Amino acid sequence: MPHNDGMSAPDPTSPVATPGALITAMLANCSDVIAVLDADTTIRYVNPVVEEMLGYPVDELIGRQALDIIHPADVDPVLASLALDPDDFDAGESLVLRLLQSDGEWREVEVAASNRIDQAEVQGIIVNVRDLTERRAQAEALRQQRDLVSSVIQAAATLVLVTDHEGK
């Protein structure tokens with residue numbers, strides 16, 4: 001008779017997690033904000049990443065109009081995108097816009113959306129928001145580095161020859 005230590009062996013045929021629990025865990029641990037909006041841009045769902053990115057508690061955004069936190073100069077392109085027929089709505093295209101953080105500052109983000117209003121399972125617009133802060137900082141650092149190298153080369157009174165470790 002096998003030894004029973006009071007713990008059951010896991011059933012290899014059972015799923016690791018229920019689909020709902022798995023999706024919730026994935027949404028809570030991704031780096032992008034994921035939201036579901038109604039056709040009028042009312043926020044129905046937003047993952048907890050929004051707290052880190054924009055500083056808002058999730059419950060403060062649920063029921064709020066997404067347009068309320070979009071920079072006024074960026075609202076028209078967003079509305080134009082949302083006005084597209086769902087069949088013409090291209091989820092591959094994204095917009096760069098500014099979102100209002102809870103501290104009153106604007107954060108530049110890239111937003112991609114997929115209109116699923118007509119899908120019974122979703123009945124909303126799925127929005128993916130990616131923070132551009134780090135990407136912009138890296139691009140600026142690279143630009144500054146390139147400008148510095150260019151300035152050094154232009155200011156040099158002698159010939160500057162750039163080679164690899166083999167002298168090539």
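User: Is Thr42 buried or exposed?
Analyst: Quick heads-up: this is a predicted model, where local features need pLDDT of at least 70, side-chain atom pairs count only at pLDDT 80 or more, and totals for chains, interfaces and linings use all residues. Residues are numbered from 1 along each chain as its sequence is written, and side-chain values use heavy atoms, with hydrogens and water left out. Buried means under 20% relative accessible area, exposed means over 50%, and partly exposed lies in between (1.4 Å probe, protein chains only). Thr42 has a relative accessible area of 13%, so Thr42 is buried.

User: Where is Thr42 found?
Analyst: Helices (H or I, at least four residues) and strands (E, at least two) are DSSP runs, numbered from the N terminus. Thr42 sits in the loop between β1 (33-37) and β2 (43-46).

User: Which side chains make a polar contact with the side chain of Thr42?
Analyst: A polar contact is a pair of N or O atoms within 3.5 Å; within protein, one must be able to donate a hydrogen and the other to accept it, and residues adjacent in sequence count only if both atoms are side-chain atoms. For the Thr42 side chain, one partner at 2.8 Å is the side chain of Asp40. Another, at 2.6 Å, is the side chain of Gln65.

User: Leaving aside neighbours within four places in sequence, which residues is Thr42 in contact with?
Analyst: Contact means heavy atoms within 4.5 Å. With those sequence neighbours set aside, Thr42 touches Val36, Leu37, Gly63, Arg64 and Gln65.

User: How many salt bridges are there?
Analyst: Side chains of opposite charge can pair when their charged atoms come close. A salt bridge here is a side-chain nitrogen of Lys or Arg within 4 Å of a carboxyl oxygen of Asp or Glu. By this rule, the count is four.

User: What is the distance between the closest N and O atoms of Arg107 and Asp131?
Analyst: Arg107 counts as buried at 18% relative accessibility, while Asp131 counts as partly exposed at 27%. The two form a salt bridge, and their closest N and O atoms are apart by 2.5 Å.

User: Which residue forms a salt bridge with Arg98?
Analyst: Arg98 counts as partly exposed at 30% relative accessibility. Its closest N and O atoms to the partner are 3.0 Å apart, and the partner is Asp74.
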